[in-house]
Amino acid sequence: MHTRRGLQRDFALAGVEHATKRIRIHTPNLNDDTLKDSIVRALVRNRSLQVEIVLSKGFNDSAENLPTLGGTNEQTVEWFYRALEERL
C-alpha cells in the first residue's frame, strides 16, 4: 500500500521516465534524490528533452539543510549542474 507521499512520488517518477518532449516541475523544493536522478537519466536518454524546473529561493533552507533532509534548493541546482556536466 502506498502512502500519499509515496504515490505522488511514483506519479512524478512515471511522468519523468515517460516524458518525450518536455518536463515541467513547479515545486517549493526539490530534494528527492531518486527524482533528481530520474530527471538526469531522462536528459541523458533524450538530449532534445526540455526540462523546466521552478523552485522557491530560500524555501525552508534552515530545515532542509539539516542532515538527511535532502538539502536546499540552491544545493539542488548546483547538484543538477554537476550531474549534467559529468553525464552529458
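This note covers the salt bridges of a predicted model.

1. Basis. The model is predicted, so local features need pLDDT of at least 70, side-chain atom pairs count only at pLDDT 80 or more, and totals for chains, interfaces and linings use all residues. Residues are numbered from 1 along each chain as its sequence is written, and side-chain values use heavy atoms, with hydrogens and water left out.

2. Count. There are 3 salt bridges, a salt bridge being a side-chain nitrogen of Lys or Arg within 4 Å of a carboxyl oxygen of Asp or Glu.

3. Asp-32 and Arg-9. Their side chains form a salt bridge with an N to O distance of 3.1 Å. The partners are 23 residues apart and link distant parts of the chain: Arg-9 belongs to helix 1 (residues 4–17), Asp-32 to the loop between strand 1 (22–27) and helix 2 (33–45). Helices (H or I, at least four residues) and strands (E, at least two) are DSSP runs, numbered from the N terminus. Arg-9 is partly exposed at 34% relative accessible area; buried means under 20%, exposed over 50%, and partly exposed in between (1.4 Å probe, protein chains only).

4. Glu-52 and Arg-24. In this salt bridge the closest N and O atoms are 3.3 Å apart. It also links distant parts of the chain, with Glu-52 in strand 2 (residues 50–55) and Arg-24 in strand 1, 28 residues apart. Glu-52 is partly exposed at 33%, whereas Arg-24 is exposed at 54%.

5. Lys-36 and Asp-33. The N to O distance of this salt bridge is 3.5 Å. Both residues lie in helix 2, 3 residues apart, about one turn of the helix. Lys-36 counts as buried at 4% relative accessibility, while Asp-33 is partly exposed at 48%.
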